[in-house]
Amino acid sequence: MIGRLTGKLVEKQPPQVVIDVNGVGYEVDVSMQTFYALPALNETVQLYTQLVVREDAHLLFGFVSAAERATFRQLVKVSGIGAKTALGILSAMTSDELAQAVAQEDVKRLSSAPGIGKKTAERMILELRGKLVADGAGAGLSESIPVADETDDVVNTLLALGYNEREAKAAVKGIPAGTDVSEGVRLALKNLLK
């Protein structure tokens, strides 16, 4: 099991990053919450990780906090939610927001996440009730990383998170010109959750 990686951040292409640990580059899928908190390229980064072994692949998922990783671990235990869907949920809302939505039994809020319908949201409430705690660990993760203004990059990121093309294109409408990709994705996700 790989529980944590500390190394140099050498690539960032949402939702995946590459971390060089003593000459070995680890490809790590991260939530957008974690992506916003990453330092600049070639800086040292530490991520808590979860290795997911499937029949066709070994996937490594990274998180800025142990609380976000714990939430991910709880999400993948819910029937019908895989690792990619769990990552999409954590991209759409922080661990604290998810815990609050489950505690308040907010089906509408939960079903606004990519890949989550009403029945899955209800199952999440049932299976996660009392297992998620809002602890403030998600606070302060909104650091943005300047990138050239490209709505195509924002759309592609939303597609990678599980939204369909129609939803992604609708979400980028109204995002101001000159907005970097990280901020554009954050605004688009906010638009999708309305």
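Which residues does M124 touch, not counting residues up to four places away in sequence? In this predicted model, M124 touches L75, V78, I81, I89, L98, L110, I116 and R129. M124 also belongs to the largest nonpolar core, which has 55 residues; M124 and L158 are those with the most contacts inside it. Helix α3, formed by residues 83-92, gives the most to this core, with 6 residues.

The protein is divided into three parts: domain 1 spans residues 4-63, domain 2 spans residues 66-128, and domain 3 spans residues 150-193. Between domain 1 and domain 2, the C-alpha centres lie 22 Å apart. The contact draws on 12 residues from domain 1 and 13 residues from domain 2. Together, domain 1 and domain 2 bury about 1,200 Å² between them, and 64% of this area is on carbon and sulfur atoms.

Polar interactions were also examined across the interface of domain 1 and domain 2. Here 7 residue pairs are in polar contact, both residues being at pLDDT 80 or more. On the side of domain 1 that touches domain 2, at least two residues are supplied by each of β3 (24-30), α1, β4 (44-53) and β5 (58-63). Strand β4 provides the largest share of that side, 4 residues. The interface of domain 1 and domain 2 also contains 1 salt bridge. A salt bridge is found between the side chains of K84 and D29, with an N to O distance of 2.8 Å.

Helix α1, covering residues 32-37, includes Q33. Because its relative accessible area is 13%, under the 20% cut-off, Q33 is classed as buried. The side chain of Q33 reaches the backbone oxygen of S91 at 3.3 Å.

Several backbone features occur in the loops. Most residues other than glycine have a negative phi, and most peptide bonds are trans. A cis peptide bond, with omega of about 5 degrees, joins P14 and P15. P15 is located in the loop between β1 (4-13) and β2 (16-21). Although N22 is not a glycine, its phi is positive, at about 55 degrees. The loop between β2 and β3 holds N22, and this residue is exposed, with a relative accessible area of 78%. N42, likewise not a glycine, has a positive phi of about 70 degrees. N42 lies in the loop between α1 and β4 and is exposed, its relative accessible area being 54%.

Technical notes
Residues are numbered from 1 along each chain as its sequence is written. Side-chain values use heavy atoms; hydrogens and water are left out. Buried means under 20% relative accessible area, exposed over 50%, partly exposed in between (1.4 Å probe, protein chains only). A polar contact is a pair of N or O atoms within 3.5 Å; within protein, one must be able to donate a hydrogen and the other to accept it, and residues adjacent in sequence count only if both atoms are side-chain atoms. A nonpolar core is a set of buried Ala, Val, Leu, Ile, Met, Phe, Trp, Tyr and Cys residues joined through side-chain atoms within 4.5 Å. Contact means heavy atoms within 4.5 Å. Domain bounds come from an automatic or database domain assignment. Buried area is the accessible area (1.4 Å probe) that two parts lose on being put together, summed over both. A salt bridge is a side-chain nitrogen of Lys or Arg within 4 Å of a carboxyl oxygen of Asp or Glu.
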